[in-house]
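I opened my notebook to look at one structure piece by piece. Here is what I looked up, in the order I went.

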Amino acid sequence: MFGRYLLAICLLLPLASKATTINFVTENLRPFNYVEDAHLTGISVELLRLVWQEMGEDPQPIKVKTWEKAYYLLQHRPNMALFLTMRSPRREHMFHWACPITTSDIELIALKSRAIEIDEVGSDSKILYGAMKAGVGEQLLLYKGVEFEQISLTDDLEKALRMLKRERVDVIASEPEVINQTAAALGFEEELFESVYPLGKLEGCYAFSQGTDPEYLERFRRALSKVTATEQYQRLLDKYQM
């Protein structure tokens with residue numbers, strides 16, 4: 001009888017000691033996370049590596065996907081983390097959060113030459129909006145009453161910027177720092193664009209899917225809090241002009 005109990009315990013030990021595997025996924029979006037010269041970088045990527053170091057873990061693979069595909073997977077797969085994810089009221093109870101990476105203003109961006117003025121956002125507006133598919137900009141516009149037919153969606157911010165420059169849309173919903181750095185990467189002058197309407201101020205976070213190991217989440221949050229209290233984190237903010 002004792003031998004049977006001992007065998008059962010031995011069989012369970014490997015399962016109990018197995019470390020939680022989290023699949024980290026991101027998108028290509030300057031200055032948060034982007035591929036440059038075949039190297040994944042950005043403030044959220046560098047911060048994540050510091051968090052892993054604080055946790056005593058080796059760096060892990062990070063997959064790069066389109067935002068729409070990554071966001072869909074986050075809603076259906078356990079033990080997955082997507083970053084940088086804006087923490088909006090609609091998303092609050094959909095995921096587990098480790099925050100902040102940064103805090104950003106979400107605004108409507110227009111061509112300065114068109115001198116567009118917006119007093120109110122809603123279904124009565126004649127404005128044609130551009131936004132990322134399943135992105136927080138789209139969600140905020142819909143929440144404010146903009147009709148779906150008024151929003152032209154893309155899976156890539158570079159496409160959205162080109163649409164704006166060609167006047168195929170009047171404004172796009174995004175963060176000014178993202179617009180500025182993406183515009184620079186495309187060879188556009190920053191002075192071409194301006195913010196014309198604030199949609200909201202949100203935290204950018206690491207979002208973990210439902211079903212993620214609670215113990216791992218707590219360890220990750222503690223490490224993130226420690227790292228963001230250091231001068232290293234302040235240097236990252238300066239480096240990426242946040």
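**Entry 1: a charge and a ring.** I began with a rule: a charge sits over a ring if NZ of Lys or CZ of Arg is within 6 Å of the ring centre and within 35 degrees of the ring normal. I then found Lys165 over the face of Phe188, at 5.1 Å from the ring centre.

**Entry 2: what I am looking at.** This is a predicted model, where local features need pLDDT of at least 70 and side-chain atom pairs count only at pLDDT 80 or more, while totals for chains, interfaces and linings use all residues. Residues are numbered from 1 along each chain as its sequence is written, and side-chain values use heavy atoms, with hydrogens and water left out.

**Entry 3: the sheet.** I noted that helices (H or I, at least four residues) and strands (E, at least two) are DSSP runs, numbered from the N terminus. Two strands pair if DSSP finds at least two bridges between them. I traced an open sheet of eight strands in the order 4-1-5-10-6-9-7-8, with mixed pairing. Strand 4 (62-64) and strand 8 (151-154) are at the edges with a single partner strand each, so one side of each has no neighbour in the sheet.

I also checked one pairing: strand 6 (residues 96-111) and strand 9 (residues 171-174) run antiparallel and are joined by four bridges. Ile109 stands opposite Ile172 in strand 9.

**Entry 4: the core.** A nonpolar core is a set of buried Ala, Val, Leu, Ile, Met, Phe, Trp, Tyr and Cys residues joined through side-chain atoms within 4.5 Å. Buried means under 20% relative accessible area, exposed over 50%, and partly exposed in between (1.4 Å probe, protein chains only). The largest such core here has 81 residues, and Phe24 and Phe220 are among those with the most contacts inside it. Strand 10 (residues 193-208) gives the most to this core, with nine residues.

Leaving out residues up to four places away in sequence, Phe220 touches residues including Phe24, Met55 and Tyr206.

**Entry 5: the rings.** Rings of Phe, Tyr and Trp (its six-membered ring) pair if their centres lie within 6.5 Å; planes under 30 degrees apart count as stacked, over 60 as edge-to-face and the rest as tilted. The structure has eleven aromatic pairs. In one, Phe24 and Trp52 have ring centres 5.2 Å apart and planes at 85 degrees, so the pair is edge-to-face. This pair links distant parts of the chain, with Phe24 in strand 1 (residues 23-26) and Trp52 in helix 2 (residues 43-55), 28 residues apart. Phe24 counts as buried at 1% relative accessibility, and Trp52 counts as buried at 1%.

Notes. Contact = heavy atoms within 4.5 Å.
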